[in-house]
Amino acid sequence: MTFDTKPRKGAPLIIGALSIATLLGAWELAGMHGGALASVLPPPSQFLRSIAQSNFRIGLGSQAATVTQSLAATFFRVFLGMAIAFIASILTGALLSLSRVATWSLSPILQLLAPIAPIAWIPTAIVVFGISDITAIFIVFMGVYFILTLATLNEIRRIPPEFQIVAGNLGATPAQRWIWVTLPAILPGVFVLLRTNFIAAWMAVLVAEMVGLRDGLGAIIMMGRNLFNNELVMFGMLVIGITGYVVDRILLLIGQRVLWWRV
């Protein structure tokens, strides 16, 4: 007698939705009893109603920004920083794989700077760029670039040497081998690591937005803290969680459908 251990299609989605519904239900139930817990962690029905009454505008007077504007500002900073870091890591990987002198001179610097957390760059970024979008983009870049460059080099080392030998025997120059052999071989792996580092970039841009920027999801959290408004804080946390999850699923889909091959 055998048992079918293969999960039914849609079971993970249903069970995941039930677990989230259970969490929200317990949260609402705890909020109905009031007390100190409800004031620190106001239930979703309470803080969503409060934000809706303000027409989803966050801030004071003419400085108020809509939730859509805050989302767009955060997305712009994090995606631009990640895109620049992605391109720069690929170019750095190409330079290091084509030049031994570049490898000997730049590898120690990469190894030295990679362990530094992106948050540690905030004071330096503020001094150099001031409080602006460039500061947040720079923090995202520093949080992704070094790790992604080291990962690119590891992906290059994983390529079977026969690939390069065959391309060389066919008359390809080093640059042509990199463009037509190395780059397609490493792109899926590097993109997977880019998705893994999205969470780090997401946290970095939120911290950067908390240091004085007027808009962005991180600024919503900081404004709630300054105004002792826990409803605003919880709303900001909810939006950050949902948008981060959605972007991660989109990146996963791109990795599976667009960059699907493996070497």
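Me: A salt bridge here is a side-chain nitrogen of Lys or Arg within 4 Å of a carboxyl oxygen of Asp or Glu. By this rule, what does the count come to?
Reply: The model is predicted: local features need pLDDT of at least 70, side-chain atom pairs count only at pLDDT 80 or more, and totals for chains, interfaces and linings use all residues. Side-chain values use heavy atoms, without hydrogens and water, and residues are numbered from 1 along each chain as its sequence is written. By the rule, the count is six.

Me: Which residue forms a salt bridge with Glu209?
Reply: Glu209 sits in helix α10 (residues 198-209), and its partner is in helix α4 (residues 67-98), 132 residues apart. Helices are DSSP runs (H or I, at least four residues), numbered from the N terminus. Both residues are buried (under 20% relative accessible area, 1.4 Å probe, protein chains only; exposed is over 50%, partly exposed in between). The closest N and O atoms lie 2.8 Å apart, and the partner is Arg77.

Me: Where is Asp215, which meets Arg77 in a salt bridge?
Reply: The N to O distance is 2.7 Å. Both side chains belong to buried residues. Arg77, Asp133, Glu209 and Asp215 are linked in a network of salt bridges. Arg77 is in helix α4, 138 residues from Asp215, which lies in the loop between α10 and α11 (217-226).

Me: Is Asp248 buried or exposed?
Reply: Arg249 is partly exposed, at 36% relative accessible area. Asp248 has 13%, so this residue is buried.

How values were computed
Helices (H or I, at least four residues) and strands (E, at least two) are DSSP runs, numbered from the N terminus.
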